[in-house]
Amino acid sequence: MEVQGKVKLIGETQTFGSNGFRKREIVVTTEEQYPQHIMIEFVQDKTDLLNNYQVGQDVKVNINLRGREWVNPQGETKYFNSIQGWRIEAVQAGSPQGMPEVPPAQAFEPANNVNEEEHDDLPF
């Protein structure tokens, strides 16, 4: 899965616990009718992927959805979801997602002899 939009915020790398678990968050604002501010976390060695990006830059982030279960001290089960990034790349501003570049009209040859009858073996 992927999220595409403009970088709104890039957090600092945070380290947790005695084993040195690292996490870094980025917020990407989608460019659609109702923009969404999507918080994506990068963990461990993936935190370094954010070093080359800046606020305001257009990016595409490949993500995985993660979920976990937690039982609190009162015995109640809670569920949490997270969005985890594993790749990020810059995209051209204004290029629609998934749409290939179309060459200018001058790149196409003009049609010649459009009125000539050609043999057509189609049955309809």
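How many salt bridges does the structure hold? The structure holds 5 salt bridges, a salt bridge being a side-chain nitrogen of Lys or Arg within 4 Å of a carboxyl oxygen of Asp or Glu. The model is a predicted one, in which local features need pLDDT of at least 70 and side-chain atom pairs count only at pLDDT 80 or more, while totals for chains, interfaces and linings use all residues. Residues are numbered from 1 along each chain as its sequence is written, and side-chain values use heavy atoms, with hydrogens and water left out.

**View 1. The largest nonpolar core.** The largest nonpolar core is made up of 12 residues, namely V3, V7, I26, V28, I40, F42, L50, Y53, V59, V61, I63 and I88. Two or more residues of this core come from each of β1 (2-10), β3 (21-30), β4 (37-43) and β5 (58-71), and the largest share, 3 residues, is given by β5. A nonpolar core is here a set of buried Ala, Val, Leu, Ile, Met, Phe, Trp, Tyr and Cys residues joined through side-chain atoms within 4.5 Å; strands are DSSP runs of E with at least two residues, numbered from the N terminus. In soluble globular proteins, nonpolar side chains tend to be buried together.

**View 2. The surroundings of I26.** When its neighbours within four places in sequence are left aside, I26 is in contact (heavy atoms within 4.5 Å) with V7, L9, I10, I38, M39, I40, F42, L50 and I88.

**View 3. The aromatic pair of W70 and F80.** The structure holds 1 aromatic pair, formed by W70 and F80, with 6.4 Å from centre to centre and 55 degrees between the planes, and it is tilted. Rings of Phe, Tyr and Trp (its six-membered ring) pair if their centres lie within 6.5 Å, and planes under 30 degrees apart count as stacked, over 60 as edge-to-face and the rest as tilted. Because W70 lies in strand β5 and F80 in strand β6 (residues 77-90), the pair ties together parts that are 10 residues apart in sequence. W70 is partly exposed at a relative accessible area of 45%, and F80 is partly exposed at 36%, where buried means under 20% relative accessible area, exposed over 50% and partly exposed in between (1.4 Å probe, protein chains only).

**View 4. N72 in the loop between β5 and β6.** N72 is found in the loop between β5 and β6 and, with a relative accessibility of 9%, counts as buried. The side chain of N72 reaches the backbone nitrogen of E76 at 2.9 Å.

**View 5. The salt bridge between R22 and D48.** The closest N and O atoms of R22 and D48 are 3.9 Å apart in this salt bridge. R22 lies in strand β3 and D48 in the loop between β4 and β5, so the pair ties together parts that are 26 residues apart in sequence. R22 counts as partly exposed at 26% relative accessibility, and D48 is partly exposed with a relative accessible area of 40%.

**View 6. The salt bridges of K23.** K23, which is buried with a relative accessible area of 18%, forms a salt bridge with E25, the closest N and O atoms being 3.4 Å apart, and E25 is partly exposed at 29%. The side chains of K23 and E41 also meet in a salt bridge, at 3.7 Å from N to O. Since E41 lies in strand β4 and K23 in strand β3, this pair ties together parts that are 18 residues apart in sequence. Both E41 and K23 are buried.

Technical notes:
Helices (H or I, at least four residues) and strands (E, at least two) are DSSP runs, numbered from the N terminus. A polar contact is a pair of N or O atoms within 3.5 Å; within protein, one must be able to donate a hydrogen and the other to accept it, and residues adjacent in sequence count only if both atoms are side-chain atoms.
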